[in-house]
Amino acid sequence: MMPAKKPLPRKILDAPLAVAGKDGTREARLSDFAGRWLVLYFYPKDNTPGCTTEGRDFAALLPKFRRAGADVLGVSRDSARSHQNFCTKQDFGFELVSDADETLCQAFDVIREKQLYGRKYIGVDRSTFLIDPESRIAHEWRGVKVPGHAQAVLETLQSDAKETA
C-alpha cells in the first residue's frame, strides 16, 4: 500500500503560468493537467549541455509517457521567449514553463545555493515530480543526475499507472 499523498495547494494548482512550446506561448495552470499524470521537471537553464540532454531524453520517451497517460512539462526561470526558441531548436514535443517569478520553484522548494568554480550562487536544483491524476505528488527526485533519469521516471510512472488502473 502506498503512503497517503498530500494534494498540491489550490493556489499552486491555479497560479497562471506562461507555457511555451514550438507553437508559441500560452497561459495555463497546473490544474489544467488534472485527471492525467504529470511529469514536472525543474532544470537550471535553457540551451546548456545538461539541460539540453535532459530535455532530449524526455522528448525521446514522450510517446511512451503519453501512452502511460502522462504529460511532461519542463520548468526553469528562463523567459517564455527563451523557452520557445529552446523547444523549436531541440524539437521538443512538450512545453516549458517560464517561472521567472519563481512561483513554482518556491512551491516545490527547488531553489538552492550552488557552487560553480568556487563561486556561490542561488539556482535551480535539478528535480522532478511525478504528479498523479488527483494532483498529488506521487514521487519526487531531487539532485537529479541526467543520464538515465527520464527512463527511471518513465518506469516509475508505468508501475504506478498499472497499480491505479
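Reader: In which sense do S8 and strand S9 pair?
Author: This is a predicted model. S8 and S9 (residues 137-141) are joined over four bridges. Leu130 stands opposite His139 in S9. The sense of the S8 and S9 pairing is antiparallel.

Reader: Which residue takes a positive phi in the hairpin of S8 and S9?
Author: Five residues lie between the strands of this hairpin. The phi in question is near 65 degrees. The residue is Ser135.

Reader: How many bridges join S3 to S8?
Author: S3 and S8 run antiparallel. Phe42 stands opposite Ser127 in S8. The number of bridges joining S3 to S8 is five.

Reader: How many residues of S8 are buried?
Author: Ser127, Phe129 and Ile131 point one way from S8. Thr128 and Leu130 point the other way. Residues on both sides are buried. The count for S8 is five of five.

Reader: Is the aromatic pair of Phe42 and Phe108 stacked, tilted or edge-to-face?
Author: The centres are 5.4 Å apart, and the planes make 45 degrees. Stacked needs under 30 degrees and edge-to-face needs over 60. The Phe42 and Phe108 pair is therefore tilted.

Reader: How many residues apart in sequence are the parts that Phe108 and Phe129 tie together?
Author: Phe108 and Phe129 form a tilted pair, 4.8 Å centre to centre, with 55 degrees between the planes. Phe108 is in the loop between H4 and S6, whereas Phe129 is in strand S8. So the pair ties together parts whose separation in sequence is 21 residues.

Definitions and conventions: Residues numbered from 1 in each chain as written. Predicted model: local features only at pLDDT ≥ 70, side-chain atom pairs only at ≥ 80, totals over all residues. Heavy atoms only, no water. Phe/Tyr/Trp six-rings, centres within 6.5 Å; stacked < 30°, edge-to-face > 60°. Helix = DSSP H or I, 4+ residues; strand = E, 2+ residues; numbered from the N terminus. Buried < 20%, exposed > 50% of the residue type's maximum accessible area, 1.4 Å probe, protein only. Pairing = 2+ DSSP bridges.
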